[in-house]
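Please examine the structure below before reading the notes.

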Amino acid sequence: MDKAEKIHSLFYRFERPSFKANNRFVRSATNLGRADEATGEISFAEIKRLTEIAAGGAGTLITGLAYISPEGKSLNGQWGLHTDDRIKDVARLTESAHNFGSNLIVQLCHGGGQREASVARRSKSFSPSGGIHPGCDFTTDPLSKDGIRKITEDFAAAALRAKKGGADGVEIHAGHGFLLTQFLSPSINKRDDEYGGSLENRSRIFYEILASVRQAVGDGFNIWFKISMAEGTENGYGSEDGTALSVGLLKKGADGINVSSGTIYSGAMNSPSILGVSAGESEAPFAGYAAELKKHASDRQTIVLTGGLRSLPVMAELIHNGTCDLLALSRPFIAEPDLINRWIEEDTRPTACISCNACFKTAKFGLIECPILRDRNEGNWDPL
Ligand SMILES: Cc1cc2nc3c(=O)[nH]c(=O)nc-3n(C[C@H](O)[C@H](O)[C@H](O)COP(=O)(O)O)c2cc1C
């Protein structure tokens, strides 16, 4: 296959017994920051953003992180799937995605000790062994075993809501420093019971969540995990642990792993959204982790690669050489919701996104914005 054919094949239909998509492109989970503060109801503005990306050609959309309980909420303006009332939000999102032939995967998250201070003031905060989470300034209570059981039940209940709303699957957010990262991290998890210490113990809650979600949703409904393969801090866990955990989840029946790395507290260059990553040499920084994991996946399971994917030749090679099955992008879709259609229409230049992370800063003020998108719309500047 020559280079052009490899690129073309990214736009062909992807078919697996458990997952089908119109192309290999996934909108990676992106918190848009405009849900109702009190109820967690998703806003019209957020649905519109998702719809634009579906209309723009992405084969699969992963929602921003939805909290599964009030104490699991991390961010102002985060949407919630913690009550049955919110099933209608999933139904609205599903309709928007399916109208354009895209899949909808709902991302579920418990933030543990990683929360904005103003959110933490509204409900008690919990973490594996208590204390103050890196980068935060409030204290958390250690989780009891009943507390851990409640979390596995909350994930299951939220996943069932996603299914009832018509979504094609769920992605358990097990990375970026949120609660599940906190369990895997030997520098944060200091428990001396069966949930702390050895890798097997630090991984236990992941397997319990998988079992409890599977029991709730049954077979045939996709359960993915997004994993930070390495914590990215000096005393954090490394990729041996991230890989072993991911292989374990595949063995126990997870339908997919979404490969990411780093955390919010591991610094700009070790974060999941690496600053300044661009097409060419710095592209696809986590590809090695995905390639390793892919060797352990069956042909019923989906390996998604996220992080710093910017150009078609690099992505075509990643698919062609068997590194991953699907390619997930976040910031490029903030800058260019219609990116996939642009590429289909043969303007194959890399994304206009310059990975400046201004989108993160705007998230503090409500619906996220992108200076590139704004300047292009106003005709001021076009980095293409
Ligand atoms: C504004 C913003 C919000 C994000 N929200 C989420 C989220 O809700 N869940 C998640 O797993 N990752 C989230 N991420 C991380 C992305 O999904 C992705 O892993 C990361 O940005 C790397 O991909 P990229 O280089 O294509 O941006 C967010 C990133 C940005 C820029």
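The structure is a predicted model. The shell around the ligand holds 26 residues, and strand S12, whose residues are buried, is joined by bridges to S11 and to S13.

**The shell around the ligand**

- Among the 26 residues around the ligand, those that come nearest are Ala29, Leu65, Ser273, Ser330 and Arg331.
- Two elements each give two or more residues to this shell: helix H11, residues 331-335, and helix H13, residues 358-363.
- Helix H13 provides the largest share, which is three residues.
- Sorted by class, the shell contains 13 polar, 11 nonpolar and two charged residues.

- Strand S12 spans residues 256-260, and five of its five residues are buried.
- In a regular strand, side chains alternate between the two faces of the sheet.
- In S12, Gly256, Asn258 and Ser260 point one way, whereas Ile257 and Val259 point the other way.
- Strand S11, residues 222-228, runs parallel to S12 and is joined to S12 by five bridges.
- One of the pairings links Lys226 with Asn258, its bridge partner in S12.
- Between S11 and S12 the chain passes through helix H8, residues 239-251, in a right-handed β-α-β crossover.
- Strand S13, residues 302-306, also runs parallel to S12, and four bridges join the two.
- Asn258 has Val304 as its bridge partner in S13.

**The three-stranded sheet**

- Strands S7, S9 and S8 form, in that order, an open sheet with mixed pairing.
- Strand S7 (126-127) and strand S8 (131-132) stand at the edges with a single partner strand each, so one side of each has no neighbour in the sheet.
- Strand S8 and strand S9, residues 139-142, run antiparallel and are joined by two bridges.
- The bridge partner of Ile132 in S9 is Thr139.

**Helix H5**

- Helix H5 covers residues 145-164, which amounts to 20 residues.
- From its first C-alpha to its last, H5 reaches 29 Å, close to the 28 Å expected at 1.5 Å a residue.
- The buried residues of H5 include Ile148, Ile151, Phe155 and Leu160, and also Asp154, Arg161 and Lys163.
- After H5 comes Gly166, which has a positive phi, near 95°.

**Ile264 in its loop**

- Ile264 is found in the loop between S12 and H9.
- Is Ile264 buried or exposed? It counts as buried because 22 C-beta neighbours lie inside 10 Å, and the threshold for a buried residue is 20 or more.
- When its neighbours within four places in sequence are left aside, Ile264 is in contact with Gln114, Gly135, His176, Gly177 and Ser271.
- Ile264 and Gly135 are 129 residues apart along the chain, yet their C-alpha atoms are separated by 8.6 Å.

Terms used
Residues numbered from 1 in each chain as written. Predicted model: local features only at pLDDT ≥ 70, side-chain atom pairs only at ≥ 80, totals over all residues. Near = placed C-beta within 6 Å. Nonpolar A, V, L, I, M, F, W, Y, C, P; charged D, E, K, R; others polar. Buried ≥ 20, exposed ≤ 12 C-beta atoms within 10 Å, placed from the backbone. Pairing = 2+ DSSP bridges. Right-handed = clockwise from strand over helix to strand, strands pointing away. Expected span 1.5 Å × (residues − 1). Contact = placed C-beta atoms within 7 Å.
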